[in-house]
Each structure stands twice: as C-alpha cells, then as structure tokens.
Number of protein chains: 2
Amino acid sequence: MDSANIDTVRPAPEAVQTTAKPDVKALVSLCDPDMVDINALITERMQSEVAVIPALAAHLIAAGGKRLRPLLCVAAARLCGTGNTHHYNLSAAVEFIHTATLLHDDVVDSSQLRRGKVAAHLIWGAPSSVLVGDFLFARAFELMVETGSLRALDILSKASAVITQGEVLQLMKAFDLNLSQADYIEIISSKTAALFAAASESGAVASGASEEKIQALYDYGMNLGLAFQIQDDILDYQGSAADLGKNAGDDFAEGKATLPLILAMQATPAEAAFWDRVIGRREQADGDFQRAQGLMVSSGALDAARSVARTYADKARASLEIFEAGPWRSALENLAVYSVERQT
Amino acid sequence: MDSANIDTVRPAPEAVQTTAKPDVKALVSLCDPDMVDINALITERMQSEVAVIPALAAHLIAAGGKRLRPLLCVAAARLCGTGNTHHYNLSAAVEFIHTATLLHDDVVDSSQLRRGKVAAHLIWGAPSSVLVGDFLFARAFELMVETGSLRALDILSKASAVITQGEVLQLMKAFDLNLSQADYIEIISSKTAALFAAASESGAVASGASEEKIQALYDYGMNLGLAFQIQDDILDYQGSAADLGKNAGDDFAEGKATLPLILAMQATPAEAAFWDRVIGRREQADGDFQRAQGLMVSSGALDAARSVARTYADKARASLEIFEAGPWRSALENLAVYSVERQT
C-alpha cells in the first residue's frame, strides 16, 4: 500500500482516524493505563544489589525508545479483550529481551550512539554491557515464568533463538556484494520481526484468544516488524544522527546487508566499481557515504525499498480484518502506516 | 572435612568406595546411559542453518569439559528414583547455560585458552561468541519449556540472573585490595555454585521428589559448587596451562578476587608493597606471578583456602544423609571429595 492508495480508499468512520494521522499517539494513549504498571515493573525488575546493573540498564531503558514491543503486546491482549494482566509481565519481558539485544548489538557493532546517548559499552565497558544484557535476558524469563503460560514461554524462547540466528547471519553477510533480497528478508524477519510477532502473539495468547486471533496477531507483528525494519534501514541512508538518536551511515560503514544497499547495487551497474570498492573491498573514504546516499536517491533504490516496506505494512493491516472495528484495531492499523511513513 | 578426617572416620561399607577414590569415574559410569541421550540432544539442539553457530558451539562443547552440571542433574533425578526423562532436557539446558557463560566470560576476560583449545572469540571473533552465547541461552529455555515444568524453569531462570550478577560483581571487585572473604563467597556462590545448585535441584524437581529431597539436593549442589570453585581458584595459582586446559595465572593477571589472593594478602603484611603494586596499582611485570605463587605457599594461603574448600565439600556430603545408601549417593559423595582433591 502506498500513500496514494491510502487517500483513495473510501474509509470507514474510524478508519479516517487510522489513516489520517500515521503516528503512534492513539496507541500510546490507549495503552497508557497499562504502560504505567508495565514501566513500574520494568524499573522494579532491572534492580540488583550490584549497582552497575540498574545503572547501565537504566541508561538505555530510561532513554526511552518507542517501547513498541510492549505496546504491541498490550494492544494484542486488549484487542482480544483480555480479562487478566499477564500481558504486564510479558510486555516487560519483551522489553528486556529487546534491551539485551541492543546492549549486545552495540558491543558487536562497536556502535557509538544509541537512543541519542553515548552507547553503554563506551561508558561501562563492553564486558559490563555483555553481562547486563545476559542479566536482562534471564530476568525476562523470570517474568514469563510468573505468568504460568508455557505457551508464551515457548513463543518467546523460540523467538529469542531466532533473533540471535538473524544477527549472526547479518554478521556473516556484511560486506557481501552478492547479498540477495531473500537473504535480507530472512535476516530482518529473524533479527527484528520475530520479536514483534512474538510480542503480539504472546499478548493474544495471554488473553486466552482463539487460534484464529492468535495467528492474526502473529501475522500482524511479523509484517509490521518487516515494514518497520525496512524503514529503519531506509532512514539510515536518509537521516542524520540528530534525527535518529544513532549514527546515520552506520549500516554503510558496517557493510550491513540492507534493502536500500541491495537495490542500489542492482540498480546502478554503472557504479559497480564504487560498490565493489566500498562494500566488496571495504575501502571507504570521506565522502563515500554521501555519494552512496546520492546513488540511493538517483537510482530509485530508496523509493523501491519504501514500496516493499508499504507492501508489508499493508499485509499487517489486512491481518487485522478479522477483528471488529474499534479503537484498538484502529490504533494498530495506524501503527502499520506509521511504521513506514515515519521519518525518525 | 580434611583428608585426616576422611581417614579416621569409620566408614559404612559403601562409604569405603566413596572416600577411597576421589574421582568422577563412578558417577560418569552410572550416568553413561543417560548421557548418551543427553549428548545427542546437546548436539541436535546446537544446530542451526547459520553454519557458524554449530561450528562455534561445537568447538567448545565437543572439547568436552567434565559435563559436571549435566551429571549433577542426572544423578539428582536418579537418586530420587525418577520415572521420567525430563532430566535429559534439563541437563542439556544446564550445559547450554554453562557454555553460554563460558563464551561470554572469555570475551569479557579476553581469555586465550579454554579447555585446552584456543578460545572461540580468537577464531570467530568476539561478536560471534557473544551472539552464539545468546543463541545457546535461548535454546536452553526452549529445552526447559518442553519439559512443561514451570518450577524447573523458575529455578533455572533465577539461577541465570544470579550468575550474571556474580560475574558483574567479580568484574567490579577486580584489582580491589580491600576485597573480603564474604565478597568472594558471594561472588562464587552466584557465578558458579548457583548453577550447580540449580542443576541438582531441578533434577530432583523433574523426578517429582519430596520437598526435603529437593532441598537436600539444592544444598548439595550449592556446597559442591563452592568447594569446586575454591579448588579451581587454588589451581590457578598452582597449576600450569597444560594441566588446566586454560592459562594458569589468568586470575592473577586479571586481579580476580579469589580466596587464595585474599588470604595471601591478609597473611603477608610484610609483602604489602608487592600486593599494592601488582593488585592495587595493577603494575605487573615478568616474574611477579611466580613471586605471588611463592607467597601463596609460604604464607599458608593455599593450605588455608584448601581447608575452606573442604568445609564446603563436607557440607555437601552431609546434605546427602537423608538418602538411603546406594551407588548414586556414593557417587555424589565421591564427587564432593573429588571436587577439592583434584589437581586438574
């Protein structure tokens, strides 16, 4: 789905709200009562008598981020009309798993910035970042165990294994001139979309929803995650550090197998020598990122990537059709549009 | 309990066997039928289509090690007369958690050797070691979920969080002249003994044992783990790389807060200037480790540490008294003696 389609579709009353404002405000507002408790739980469970652990964890967690994964878990549970609060624990667990992967990713990638702040490993050292990531991962499982839901545990432990496989695959494919779009989709479905899918699926499971609804929310999370990651990868060639809260150009410097790069390399054979040098031979000089950004636009690679992202956002929206119209469904539809239209 | 006590105690018939051969052969032999299945499960579950993952994991797992934690889990389940095979999954899970911590520890400590082989991060890089550790940790939870035992999941997720706290605390206390024996016991009970305790406790839980037996096996594992780690720390000042399969002297180089170091610093005030330089100011030169080794012996620090270790081994043995005499109990009693008498 692209913007033109959004404008020409005749909207149902609540869908006007959905498509008119592609942001997460409606979702955040609906989730707010639950998120107050979830944020308190997050703060409570990252405590440890070993002082560096909460300090390091708070550096990242208090820096905010969008809390998208807990929001997804809450929205899934509420959309399914949950009568319990198991999604509190699962939301906190999902955020801990996500934070653990961020801490480890920043060590793995030697990243300088995260959420607009100096990366934790540059303050506390890589060893502490690795260990605090492990701590948060363990705490995530403690939180899940407390819900008593073996199925939620199954979903999130499997997703955790898939995430790491995606990250290793990404590492292996760095600086690979022959990377394919299929490889890329496999990587991002593992490293990003699997946790989005697990967050919404486990929220549905916790609510006691039907298998049809659980499947729909898995599909929603998976497609949303794909759309979200593609837009992230587009922004890395488009934005500035100030916008993103991390370094634009990081993916280029790391030779990361992202869709914009794959499409640009395919689209500009005349520039083969450039890509061969900066990606194939890893020889990057000042100005190369700017040239890459220029080629991304002139070749149409960014537009093409955006079109792929919109296809996934569209699928995410479509998977919600089995639910009755209402504020929760609207907010999730809106989130799907936001995932590809956002500029930060 | 020290060697003298072992010799003077009038032994019950099966206790002769227990104390006469402080090795793990009897335990290994008893566990062998179960370990065939458990090793197959370990190999099966470390597979991934991302080839570097099984390659890196196999480098460490196939290098062997004593498989003490799975052995403990099996022995606990069998001692309690288990009628199921849940301890297979739990044993594999415990070995994966242990392997994950080794991979991360070696990155954290920049270790060169592990189990007599070049450390994985020196072959595949620290990023892969971090991520494969995460993968194994996630797989451990998948294995546990399959048992359907929320209590075992609770035990092992809590232990996992405790382990990381112990490791962070150890990191914080490195090169600290004022480290106390209480700090040290807190560190090793977290980073080592917690997983020994969780392995034997979860084995008992999986067998459906009584609360009294579960508690006894928790106590056994905890005290065994303390004895085992103290002996490890003694060997680091005593052995050579060839004996240990890792670098003797690593703990000294890292200023690690171990019992031999604490006792030696307390026992040799005349050598305060030496300890202040090598630990307080982290200025270590060639020959300093040999001098430290000499002081460890002449001050009686190693003997004193050994005596502390034997106290814990003694407690471990005592906790088994509620079980009827038999080969499983004997093998575990023997393991307790072995934990402090071993030289590798």
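**Reading burial, salt bridges and cavities**

Mentor: Let us start with one residue: A:Asp34 has a relative accessible area of 5% and is therefore buried, where buried means under 20%, exposed over 50% and partly exposed in between, with a 1.4 Å probe and protein chains only. Residues are numbered from 1 along each chain as its sequence is written, while chains are lettered from A and ligands numbered from 1 in the order in which they are written. The model is predicted, so local features need pLDDT of at least 70 and side-chain atom pairs count only at pLDDT 80 or more, whereas totals for chains, interfaces and linings use all residues, and side-chain values use heavy atoms, with hydrogens and water left out.

Trainee: With which residue does A:Asp34 form a salt bridge?

Mentor: In general, side chains of opposite charge can pair when their charged atoms come close. Here the partner of A:Asp34 is A:Arg78, with 2.8 Å between the closest N and O atoms; the criterion is a side-chain nitrogen of Lys or Arg within 4 Å of a carboxyl oxygen of Asp or Glu. Because A:Arg78 lies in helix H5 (residues 68-79) of chain A and A:Asp34 in helix H3 (residues 25-45) of chain A, the pair ties together parts that are 44 residues apart in sequence, a helix being a DSSP run of H or I with at least four residues, numbered from the N terminus. A:Arg78 itself is partly exposed, at 26% relative accessible area.

Trainee: How many salt bridges are found over all chains, and which parts of the chain does the pair A:Arg45 and A:Glu146 link?

Mentor: The search of the whole structure gives 36 salt bridges over all chains. One of them joins the side chains of A:Arg45 and A:Glu146 at 2.9 Å, N to O, and this pair links distant parts of the chain, with A:Arg45 in helix H3 of chain A and A:Glu146 in helix H8 of chain A, 101 residues apart. A:Arg45 counts as buried at 16% relative accessibility, while A:Glu146 counts as partly exposed at 44%.

Trainee: How should I read a pair within one helix, and by what distance are B:Arg139 and B:Glu142 separated in helix H8 of chain B?

Mentor: These two are 3 residues apart in that helix, so about one helical turn separates them. Their salt bridge has its closest N and O atoms 3.2 Å apart, and burial applies to both, since B:Arg139 has a relative accessible area of 14% and B:Glu142 is at 10%. Returning to chain A, salt bridges that share partners join A:Glu44, A:Arg45 and A:Glu146 into one network.

Trainee: How many cavities of 30 Å³ or more does the structure hold, and what lines the largest cavity?

Mentor: A cavity is a set of points on a 1 Å grid, over the protein atoms alone, where a 1.4 Å probe fits but cannot get out, and lining residues have an atom within 4 Å of a point. There are 5 such cavities of 30 Å³ or more, and the largest holds about 220 Å³ of space, a volume being the space filled by probe spheres set on the points, which are joined across faces, edges and corners. Of its 24 lining residues, the closest to the centre are A:Asp134, A:Phe137, B:His104, B:Asp134 and B:Phe137. Helices H6 (86-109), H8 (126-147) and H9 (150-173) of chain A, together with H6 (86-109), H8 (126-147) and H9 (150-173) of chain B, are the elements that give two or more residues to this lining.

Technical notes: On a 1 Å grid over the protein atoms alone, a cavity is a set of points where a 1.4 Å probe fits but cannot get out, and a pocket is an open set with protein on both sides within 12 Å along at least five of seven lines; lining residues have an atom within 4 Å of a point.
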